[in-house]
2 protein chains.
Amino acid sequence: MAIKAMVLERARSAKEAAGVLRTTPREQKDRALERMAELLVRKDAAILRANAIDLELGEEKGLSAAMLDRLKLDRERLEGIADALREITALEDPVGRVDRQWTRPNGMEISRVRIPIGVVGVIYESRPNVTADAAGLCLKSGNAALLRGGSEAINSNLALVEVLRTALSQAGLPESCVEMIPITDREAVLEMIRADGYLDLIVPRGGEELVRTVRENATVPVLSHDKGLTHMYIDAEHDPDMAVKLVHNAKCQRPGVCNALETLLVHAAAAKKTLPLIAEDLKAAGVELRGCVRTCSLIPGITRATDEDWDTEYLDLILAIRVVDSLDEAVEHIAAHSSGLSEAIVTTNEQAAERFLNAVDSAAVYWNASTRLTDGGVFGLGAEIGVSTAKIHARGPVGVEELTTYKYLVRGTGQCRE
Amino acid sequence: MAIKAMVLERARSAKEAAGVLRTTPREQKDRALERMAELLVRKDAAILRANAIDLELGEEKGLSAAMLDRLKLDRERLEGIADALREITALEDPVGRVDRQWTRPNGMEISRVRIPIGVVGVIYESRPNVTADAAGLCLKSGNAALLRGGSEAINSNLALVEVLRTALSQAGLPESCVEMIPITDREAVLEMIRADGYLDLIVPRGGEELVRTVRENATVPVLSHDKGLTHMYIDAEHDPDMAVKLVHNAKCQRPGVCNALETLLVHAAAAKKTLPLIAEDLKAAGVELRGCVRTCSLIPGITRATDEDWDTEYLDLILAIRVVDSLDEAVEHIAAHSSGLSEAIVTTNEQAAERFLNAVDSAAVYWNASTRLTDGGVFGLGAEIGVSTAKIHARGPVGVEELTTYKYLVRGTGQCRE
């Protein structure tokens, strides 16, 4: 009950601040963002002191070296966080943009205008830089942010939030534009995701279990991010060099992320020639291959894939490979197994490419490009608060534009409903 | 368990059909819609027979005359339903439209293209015409529809769906583009709204309790419709005749709907002159007035409003009236009590109007026009499957455009992530 009261109180403050932000001009939001960037570096001592406590507690708890590294802040990393805020400052403000404008026969003028969503709840895990990124993206798009970070980073996060709030206040904005839940109990998450009436959107950033918990229990709308089960399909007609290069990039450039390749589909007519080239390249890069029967007969010595492999997000240097008899079979495999984020076809046949682009229902579908390119920055959309595999509101990168919604403004001269 | 299996089986069929609809050209969808309109009239005997059973059962159950009237179909109403389908046929197909297109420095071409959402679940109450409307709007936007109507109309709905499916099949499309849950147990609704993986969106159309149940239990995203608590604010400077006319239209033209006026706010400087004119007009129209202290002193003999009145959706010839001291006070009252659908300001002062349009966070905000105008048809957006008071994805009228989502198509020449 005490936790519920605390969560609702923060949510209420954030909602009040959202009322102010709704009509805050770009200049003032940008001034606050610049101030945030400045203070993060100037007040580094306080932040690093708090971070040292988290690191010490993390070591006591026996966190892995990788986890501790993710948690760690230093002067350089703070400067990186400040730079990210400066990049957000430079983005265009989507608020107030008119999507469309038209006049009805009765003379009333309708315009559809972009506006902030309101209060965005962001639930995330260990990296403290998310605190500043999420706060900055929400502020730029005119939303108040209610943050709930992971328990390992709680001291760092609270110190960061204090600095961000000081910057808000120095720019003449309510500190409550950025609120943080100071308690890391699971119960706080459950209260937060059911606080409809206060929160307008929840963005969970974390592992599968966090996302599932949020989706199953939330009454507030969730912009969710499933795992990333990414496919590339090599069509019958293709450039083998390009195929080798794109598979390599999609699998190896950073295997631990959601748009990294997990399953390769190869047309039977292409398999004999190109699969061995791909296999050779990947083996040299240390990738473990698991293939269907036909793949195994073409690349001796690799593991046989089981049914489970087609549904596994390895996030590692492992690749499942299946030979298919047609583009349609590839599309069907993708429909059955993909998480709907990032898929690609490699082909020199334009008709095949367009058929694939049309038929595959993923947030980003590529022709002759790497699935790793699904990213707000790479797309030129600016920094992202997350990646959506939802079907509604926003798909793929979620940046400042996707953190807005719209309303209709109607200007009349006394029009009535007949 | 049997119910769950049945719901999932229908959902699975709908999902398969959605895979076909994703790439179905406009001509074929339109042919199916035309065929639906034709068959609804040609096969009227079977539909009216089923409807007679519902009416008989309804009378036995003691449904009110109003409920029975809503349930009733006849030749003329079937022709109305067919006409509505023809109007949907004539709408532009949003699928395939390119929202935006750009080229990145690395040479890849990105386009953001509108696509169907997938499977849309529609849960509604008594009116059988919703069956055809919902199926038609989903089909036009390339979505499969999983329908679940009210128990009172079950025989009519099943007969309608049979006709719609025959039309689909005659147009060469899978019958499963329209699926209906034949069981009206509440359990079927609960299974349906948790069938993520099959369903992509739920649109509940019905009373507050239905919407609440759906929102609290769904894991599938919900495009919800709250009650409609609609405000009109008469500013200090205004044309009294226009004020009387707009209040009258917003309150009286059809009081039982969500964009009908429930609370009137009047600036103190305007109250003395204009409130008595409004009161006189509304009293003549049979409207019961409930006022704040200051309102009561200006219009003797009316009931004193309680706190509850400011949060009540009367859906009846009753109006709550409050005198406020400023535009800001009006905006604050609206922020605290509105359901966020439809709000209006009546003023001759452009600056005040723009301030109100900017500050009020409702789906449709009016200057000198009636709140009753919030409607897909009136806005020129075509037929609507419902009205959204959600903050994300779609606000206000939900028509074929809002029943689509987007994906990014990326055409490259071998681009990799650096």
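Predicted model: local features only at pLDDT ≥ 70, side-chain atom pairs only at ≥ 80, totals over all residues.
Me: Two strands pair if DSSP finds at least two bridges between them. What makes strand β9 (residues 288–291) of chain A and β10(A) a pair?

Reply: Residues are numbered from 1 along each chain as its sequence is written, and chains are lettered from A and ligands numbered from 1 in the order in which they are written. Now to your pair: β9(A) and β10(A) are joined over two bridges, in the parallel sense. The rule asks for at least two, so they count as a pair. In one of these bridges, G291(A) has R304(A) in β10(A) as its partner.

Me: And what counts as a strand or a helix here?

Reply: Both are DSSP runs, numbered from the N terminus: helices are H or I over at least four residues, and strands are E over at least two.

Me: Which strands are called edge strands in the sheet that contains β10(A)?

Reply: That sheet is open, with ten strands of mixed pairing in the order β10(A)-β9(A)-β11(A)-β8(A)-β7(A)-β12(A)-β13(A)-β16(B)-β2(B)-β1(B). Its edges are β10 (303–304) of chain A and β1 (98–103) of chain B, as each pairs on one side only. Helix α13 (residues 327–337) of chain A packs on the sheet, touching β7 (230–234), β8 (261–267), β11 (318–324) and β12 (342–346) of chain A. The direction of α13(A) makes about 140° with that of β11(A). Within the sheet, β7(A) and β8(A) run parallel and are joined by five bridges, with H231(A) opposite T263(A) in β8(A).

Me: How do you know whether β8(A) is mostly covered or mostly open?

Reply: The test is by residue: one is buried if 20 or more other C-beta atoms, placed from the backbone, lie within 10 Å of its own, exposed if 12 or fewer, and partly exposed in between. In β8(A), seven of seven residues are buried, and the strand is mostly covered.

Me: Is L139(A) buried or exposed, and what makes it so?

Reply: L139(A) has 32 other C-beta atoms within 10 Å, and is therefore buried. L139(A) belongs to helix α6 (residues 129–140) of chain A. Two residues are in contact if their C-beta atoms, placed from the backbone, lie within 7 Å. Apart from neighbours within four places in sequence, L139(A) is in contact with K29(A), A32(A), L33(A) and C177(A).

Me: Why are α2(B) and α7(B) described as oblique?

Reply: Axes are lines fitted to C-alpha atoms, for helices over the stretch in contact, and angles run from 0 to 180 degrees between N-to-C directions. The axes of α2 (residues 26–42) and α7 (residues 154–170) of chain B come within 8 Å and cross at roughly 135°. Angles under 35 degrees count as roughly parallel, over 145 as roughly antiparallel, 65 to 115 as roughly perpendicular and the rest as oblique. The two helices are therefore oblique to each other.

Me: What is the relation of α10(A) to α11(A)?

Reply: The axes of α10(A) and α11 (residues 268–284) of chain A come within 9 Å and cross at roughly 40°. They are therefore oblique to each other, and the crossing is right-handed. Among the residues that meet are A243(A) and V247(A) in α10(A), and L277(A) and I278(A) in α11(A). This contact divides into seven nonpolar, two polar and three charged residues.

Me: How many residues does each chain bring to the contact between them?

Reply: Chain A brings 59 residues and chain B brings 59. On the side of chain A that touches chain B, β16(A) gives the most, with eleven residues. That side divides into 28 nonpolar, 18 polar and 13 charged residues. Strand β16(A) also pairs with β13 (residues 364–369) of chain B, in the parallel sense over five bridges, and V410(A) has Y366(B) as its bridge partner there.

Definitions and conventions
Nonpolar A, V, L, I, M, F, W, Y, C, P; charged D, E, K, R; others polar. Left-handed = near helix turned anticlockwise from the far one by under 90°.
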